[in-house]
Amino acid sequence: MVTIKDVAQDAGVAVGTVSKVLNGQYVSEKNRIKVEASVKKLGYQMNFYARGLKTKNTYTVAALVPEILNPFFAEWVYYIEQELYKNGYKLLLCNTQGMPEKEEYYYRMAEQNKVDGIICVTYQDVEPYVSENIPLISLDRHFHKKVSCISSDNYHGGELAAQKMISTGSRHLLYLRNGSEISGETLKRGKGFKSYCDAHGVSCETLNLGDDFDLIRGKTSVEGILRNFIISARKTGKMRYDGIYTSTDLLAKALLEQLQFLGVEVPGEVQLVGHDGMQWMNSGKYLVSTIVQPVPDMARKAVELLLKKIKGEEIETLTILPVEFAEGGTTR
């Protein structure tokens with residue numbers, strides 16, 4: 001079996017240098033390249049159990065998401081796992097299903113050093129369970145305690161959606177959303193949208209379908225709610241709105257299906273812009289015209305910040321990454 005001493009001898013460096021490279025500590029770029037080449041050449045595999053006993057770390061990170069069936073969260077976790085693996089960490093996935101008791105269980109695991117840290121997406125009232133001592137990175141959610149949050153530029157995303165529809169003729173706009181009202185970066189989508197509309201003298205309304213509006217598991221009720229909304233929005237045979245921005249691509253796709261079912265022309269009669277940047281089976285074709293979040297970059301940054309936090313380093317409280325508009329056939 002190949003040992004760390006074998007790697008050091010092959011690379012022509014000290015055993016301590018190899019250990020630093022394997023544990024993500026600083027060494028010169030020249031030595032790091034030599035060690036990584038020897039590791040690959042010799043097929044060295046680290047004994048994570050022995051490593052954990054020595055460092056008192058599990059080299060495991062828990063990722064908490066509300067619903068793994070949601071394609072956005074599935075993509076997010078996919079890139080999180082890739083980044084953790086590159087850094088010698090394993091992923092423990094928890095599909096919380098919006099249950100605070102499941103989230104509390106994983107926070108307790110972190111407190112008991114059963115995992116080294118947590119990357120979470122939560123819209124629940126879990127503030128009492130979160131300790132400042134837990135290495136924790138949050139996606140979108142703000143905590144009163146010293147928890148770092150990573151997000152994309154949701155406010156500018158709302159501006160981009162309004163800009164696109166206004167520049168192509170829409171004058172009666174709606175922001176349609178569902179989900180939690182807990183403080184977080186995603187609430188800025190509607191704020192940016194309305195601000196741009198107000199600045200350009202275009203009417204804008206907001207409709208929140210509520211926290212119980214389940215696009216993943218409640219398909220029948222979703223269709224009913226959206227269909228009733230569209231019917232009630234019609235006046236004298238015309239839509240009340242000629243441009244709609246939705247808080248997610250899933251909501252935009254569900255709305256598009258109902259608009260088409262009722263014979264509403266998209267984008268001729270109504271333009272539609274979603275948010276997230278979801279694609280058909282990663283084919284490059286977007287579900288709808290959308291505001292694209294840089295999910296791979298967000299995942300990389302989340303892992304980078306968490307590993308710094310695990311090492312006891314100071315990290316920024318809020319990290320915002322840029323977004324962009326992408327055409328998906330539902331805008332003019």
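**Entry 1: the parallel sheet**

I began at A62 and found that its bridge partner in β3 is I118. The model I am reading is a predicted one. I then looked up the strands around this pair: β1 (residues 60-65) and β3 (residues 117-120) pair in the parallel sense, over four bridges.

I next traced the whole sheet. Six strands form an open sheet with parallel pairing, in the order β2-β1-β3-β4-β5-β13. I noted β2 (90-95) and β13 at the edges; each has a single partner strand, so one side of each is left without a neighbour in the sheet. Neighbouring strands here are turned by 20 degrees against each other on average, direction ignored.

I also asked what lies across these strands. Helix α6 (residues 100-111) lies across β1, β2, β3 and β4 (136-139). I recorded its direction as about 155 degrees to β2.

I picked T319, which has its place in strand β13 (residues 318-321). Is T319 buried or exposed? I count T319 as buried because its relative accessible area is 8%, and the cut-off for buried is under 20%.

I then listed what T319 touches. Leaving out residues up to four places away in sequence, I found C149, I150, S151, K301 and L305. Separately, I found a polar contact of 3.5 Å between the side chains of T319 and E316.

**Entry 2: the nonpolar cores**

I turned to the largest nonpolar core, which has 26 residues. Which of its residues touch the most other members? I found these to be W76, I80, I119 and I137. At least two residues of this core come from each of β1, α5 (71-86), β4 and α11 (295-310). I noted α11 as giving the most, with nine residues.

Residues up to four places away in sequence aside, I80 touches L91, I119, A299, A302 and V303. Another core lies apart from the largest one; this other core has 19 residues, including L176, L226, F229 and L251. As background, I recall that in soluble globular proteins nonpolar side chains tend to be buried together.

**Entry 3: the mixed sheet**

I traced a further open sheet of six strands, in the order β7-β6-β10-β11-β12-β14, and recorded its pairing as mixed. The edge strands are β7 (203-208) and β14 (324-326), each pairing on one side only. I recorded an average twist of 25 degrees from one strand to the next.

Strand β10 (residues 243-246) and strand β11 (residues 271-276) run parallel and are joined by three bridges. Y245 stands opposite V273 in β11. I found helix α10 (residues 249-261) lying across β6 (172-177), β10, β11 and β12 (290-292), at about 150 degrees to β11.

**Entry 4: the whole chain**

I counted eleven helices and 14 strands in the protein. The C-alpha trace spans about 80 × 40 × 35 Å along its principal axes. Of the 332 residues, 48% are buried. Among contacts between residues at least 6 apart in sequence, I found that 70% join residues at least 24 apart. The accessible surface comes to about 16400 Å², and 52% of this belongs to carbon and sulfur atoms.

Note on methods: Residues are numbered from 1 along each chain as its sequence is written. Side-chain values use heavy atoms; hydrogens and water are left out. Two strands pair if DSSP finds at least two bridges between them. Axes are lines fitted to C-alpha atoms, for helices over the stretch in contact, and angles run from 0 to 180 degrees between N-to-C directions. Contact means heavy atoms within 4.5 Å. Buried means under 20% relative accessible area, exposed over 50%, partly exposed in between (1.4 Å probe, protein chains only). A polar contact is a pair of N or O atoms within 3.5 Å; within protein, one must be able to donate a hydrogen and the other to accept it, and residues adjacent in sequence count only if both atoms are side-chain atoms. A nonpolar core is a set of buried Ala, Val, Leu, Ile, Met, Phe, Trp, Tyr and Cys residues joined through side-chain atoms within 4.5 Å. Accessible areas come from the Shrake-Rupley method with a 1.4 Å probe; for residues, only the protein chains shown count as cover.
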